Structure formats: structure tokens, C-alpha cells
Amino acid sequence: MAVDNDGGGDQQGDSKRQKLSSSTSNGKGTTSSIIPPPATKQLVTMPARSIGVVPGENSPSCFFLDPMVLPQGHFANKLRTVLGRWVYNPLEPPSTSTALFGYTIRELAHICRSSLAEIEYALSNRVFGADDALVIPNDAGVNNDVARYGMLSEEGRQTVSMAIVSTLLESDLDLEWTSQDDMEKTMELLSLLQEVRSNWQREEGADHDLADEVIWHGLRPIVSYKSVGSKDEMPKQVQLIVDEVAKLAAHHVFLRGTPQSASGWEEEEFLEAWSIRLPTMTGKYQPSMELLGGIAISEMVEDKRQWRYLPESGLPLNPSLRIKSMLAMRNAWAVEEAKPYFEKLTMNESEIADLLKTHKR
């Protein structure tokens with residue numbers, strides 16, 4: 001067979017291209033065989049922002065990361081708010097369907113963007129926003145070795161506190177108070193827990209037991225004891241702290257007492273009612289109005305000082321909302337008066353002063 005070297009191959013190629021072009025044609029229209037060239041891309045100059053100066057160079061070419069030292073308890077307000085999402089009410093404990101009630105330490109560390117060690121330290125020592133943290137009792141009977149944390153409801157706190165005060169007034173227990181003379185003399189915690197539980201059930205008409213964790217949560221601030229590790233671990237022996245018991249009794253007066261005036265308690269009237277609710281303590285002990293910081297506020301009414309109940313535990317956790325609630329009760333606050341209401345929020349005097357100035361009416 002002879003091969004055409006005079007362009008026969010080129011003719012065959014042109015013929016194939018024509019056939020390929022015609023094969024794209026259909027009854028509804030014809031697709032062009034010519035593909036348009038891609039649009040030309042152009043670089044656009046955009047304004048830039050300086051990110052720092054590199055030593056020895058005319059223009060910046062990298063980031064410099066400065067180390068940031070976080071203060072102890074930087075997560076405090078966040079931790080208090082997160083714990084407040086789970087509120088335990090001993091009068092209506094969670095059912096078996098809500099066995100996973102509260103947060104674990106690992107979950108709290110994740111939510112607060114903190115380390116496990118920091119959160120564990122805060123909870124073990126009840127500092128940095130964990131002051132009011134409650135170990136959630138295992139009412140549901142679920143086998144769970146990991147402790148979960150939340151907050152005690154305000155109603156629960158009040159009923160437990162009143163049961164403690166009533167127990168200290170009525171109990172036949174040999175109560176022991178902190179003193180320099182009897183530092184080694186203590187009382188059995190287990191007996192005190194049982195007495196408080198019985199009193200609470202009788203007063204509230206409850207058909208279930210009050211958990212040890214809840215009673216210890218109410219007792220812990222008013223007793224002195226040798227620490228055995230975490231503050232959640234209950235010691236065998238304790239001593240009652242005079243001033244802290246007096247503060248608890250003051251709460252009892254405001255919650256259960258009835259002042260003669262609808263506007264509040266006159267100071268002498270309150271002192272008398274307060275004294276009646278105090279157990280026999282030491283020597284010549286008398287209640288002091290200085291102990292009412294963070295519990296009540298006072299103002300002069302017709303040349304007489306009157307006191308109204310304003311417990312720190314009943315105010316919002318957010319500092320701005322807290323100061324608004326305080327200003328709703330009274331228009332003017334001195335920094336010293338406001339201080340007890342912000343101690344648990346780890347705020348110093350200058351921060352409190354700025355907050356008062358910002359929200360002042």
C-alpha cells in the first residue's frame with residue numbers, strides 16, 4: 001500500500017475534526033465547538049495592617065506572641081455561673097431519670113477553659129468561685145464514682161440553715177465551741193448530722209432523708225476541724241465557730257421572725273430577737289451588728305436605724321446584675337458596705353468602686 005506523504009494525513013485529520021464538530025449538533029440547538037478563553041485574572045492591591053516590627057527589618061513579616069500570665073482564679077465568675085446551671089433542691093431531689101445531675105471536674109474544666117488541676121484545687125478548697133459548690137448527692141442510687149457538682153437552691157439553703165439553728169438551740173448534744181482554752185476538745189460530727197436531719201424532717205414534713213452532703217454543706221462554714229484533704233471529706237470531730245453560728249442565727253431571725261414595723265427591723269428589736277436564737281456559747285458573748293455585712297442593710301428612718309434582709313447568696317452571680325439588685329434596694333452604697341457582697345466574686349475595692357460609679361442612678 002502506498003502512503004500519501006503529500007498532506008493526505010492532514011486532510012484526514014481535518015475530516016475527523018469536522019465530523020466531531022457536527023456530532024455535537026442535536027435537534028434542539030447546536031453547541032459551539034469553540035471554547036472561549038478563560039478570563040484574565042488580575043492582582044488587586046489591598047490595604048494591609050502592620051502586625052509588628054521585626055528587629056533589623058524595614059517591614060513586618062511575622063507575628064510576635066507575648067506571654068499572658070493569668071491570675072489565680074481567673075475563671076471564678078465563669079465557674080460560679082456554670083455551677084448555677086444545676087440547682088439541687090433537697091425538698092424535691094432529682095428523680096432516677098436525671099441521674100447525671102451536675103458537672104464533673106473534667107466537664108467544668110472544659111466549659112471554663114481551664115486546667116483540671118485548677119478546677120480540682122478550687123473545688124477541693126472551696127475558693128475561686130467554688131465557695132458555694134455542692135457535691136450532688138446520689139439520691140437515685142446510681143453507681144457513679146465520679147463526683148458531680150452544682151449549687152444548693154436558695155429554698156434548700158434556708159431550710160437546712162434553720163434546721164441547724166434549731167438543732168443547736170434544742171439539742172441535748174454537748175456542743176463544743178472554738179476557744180484557745182479548749183483547742184483539743186471537739187464533738188462528734190455524725191451525732192450532729194443525725195440531729196439536724198431529724199429536725200429538718202420534722203419541720204419540713206419530708207418523707208425522705210436529707211442527704212449528708214447537703215447537711216455538711218450547711219455545717220461546713222460554721223465549724224472548725226482538722227482538714228483531712230478535700231473540704232468535701234467529712235471529719236469525725238468538729239468545733240462550732242461562735243461568729244459564724246451568730247451569722248446563721250441572724251439569717252434565722254430575718255427568715256422566721258416578724259418585726260413590729262413593716263418597713264424593717266429596728267436595731268434594738270432585732271438585737272433582742274437575735275439573742276434569743278443564739279445557743280449558750282462562751283462567757284459574755286453578745287451579737288454584733290458588724291457581723292451583718294453581706295446579710296442585711298440598714299438605713300435611718302425617723303432617727304432610728306432599721307435593718308432589711310439582703311443575703312449575698314440570693315443575688316445574681318453576674319457583677320452588673322448584682323449591683324443593679326443592690327441599688328434597687330438602696331440608692332447609695334459605700335464601697336465598704338458593698339464589699340461583703342463581692343468577696344466571693346474575687347473583686348477588689350477599686351473594681352467595686354468602678355462598678356458603683358457605672359451603675360449609679
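This section describes helix packing in a predicted model.

Two helix pairs were examined. Packed helices are described by the angle between their axes and the distance between those axes. Helix 5, residues 154-170, packs on helix 8 at about 115 degrees. Their axes lie 9 Å apart. Helix 5 is therefore roughly perpendicular to helix 8, since angles of 65 to 115 degrees fall in that class. The crossing of the two helices is left-handed.

Helix 5 contributes Arg157, Gln158, Ser161, Met162, Ile164, Val165, Ser166 and Leu168 to this contact. From helix 8 come Val245, Leu248, Ala249, His251, His252, Leu255 and Arg256. By class, eight residues of the contact between helix 5 and helix 8 are nonpolar, five are polar and two are charged.

His252 belongs to helix 8. Its relative accessible area is 12%, so His252 is buried, the cut-off being under 20%. Leaving aside residues up to four places away in sequence, His252 touches Met162, Val165, Ser166, Gly257 and Arg277.

Helix 9 spans residues 267-276. Its residues Glu269, Phe270, Ala273 and Trp274 are buried. Viewed down the axis of helix 9, these buried residues fall within an arc of 130 degrees, so they line one face of the helix. Glu268, Glu272 and Ile276 are exposed, and they sit on the face of helix 9 turned away from its buried side.

The second pair comprises helix 6 (residues 189-204) and helix 7 (residues 212-219). Their axes come within 10 Å and cross at roughly 105 degrees. Helix 6 is therefore roughly perpendicular to helix 7. In helix 6, the contact residues are Leu189, Leu192, Leu193, Val196 and Arg197. They meet Asp212, Ile215, Trp216 and Leu219 of helix 7. Seven residues of the contact between helix 6 and helix 7 are nonpolar and two are charged, with no polar residue.

Key:
Residues are numbered from 1 along each chain as its sequence is written. This is a predicted model: local features need pLDDT of at least 70, side-chain atom pairs count only at pLDDT 80 or more; totals for chains, interfaces and linings use all residues. Side-chain values use heavy atoms; hydrogens and water are left out. Buried means under 20% relative accessible area, exposed over 50%, partly exposed in between (1.4 Å probe, protein chains only). Helices (H or I, at least four residues) and strands (E, at least two) are DSSP runs, numbered from the N terminus. The arc is that of the directions from the helix axis to the C-beta atoms. Axes are lines fitted to C-alpha atoms, for helices over the stretch in contact, and angles run from 0 to 180 degrees between N-to-C directions. Angles under 35 degrees count as roughly parallel, over 145 as roughly antiparallel, 65 to 115 as roughly perpendicular and the rest as oblique. A crossing is left-handed if the near helix is turned anticlockwise from the far one by less than a right angle, and right-handed if clockwise. Contact means heavy atoms within 4.5 Å. Ala, Val, Leu, Ile, Met, Phe, Trp, Tyr, Cys and Pro count as nonpolar, Asp, Glu, Lys and Arg as charged, and the others, Gly among them, as polar.
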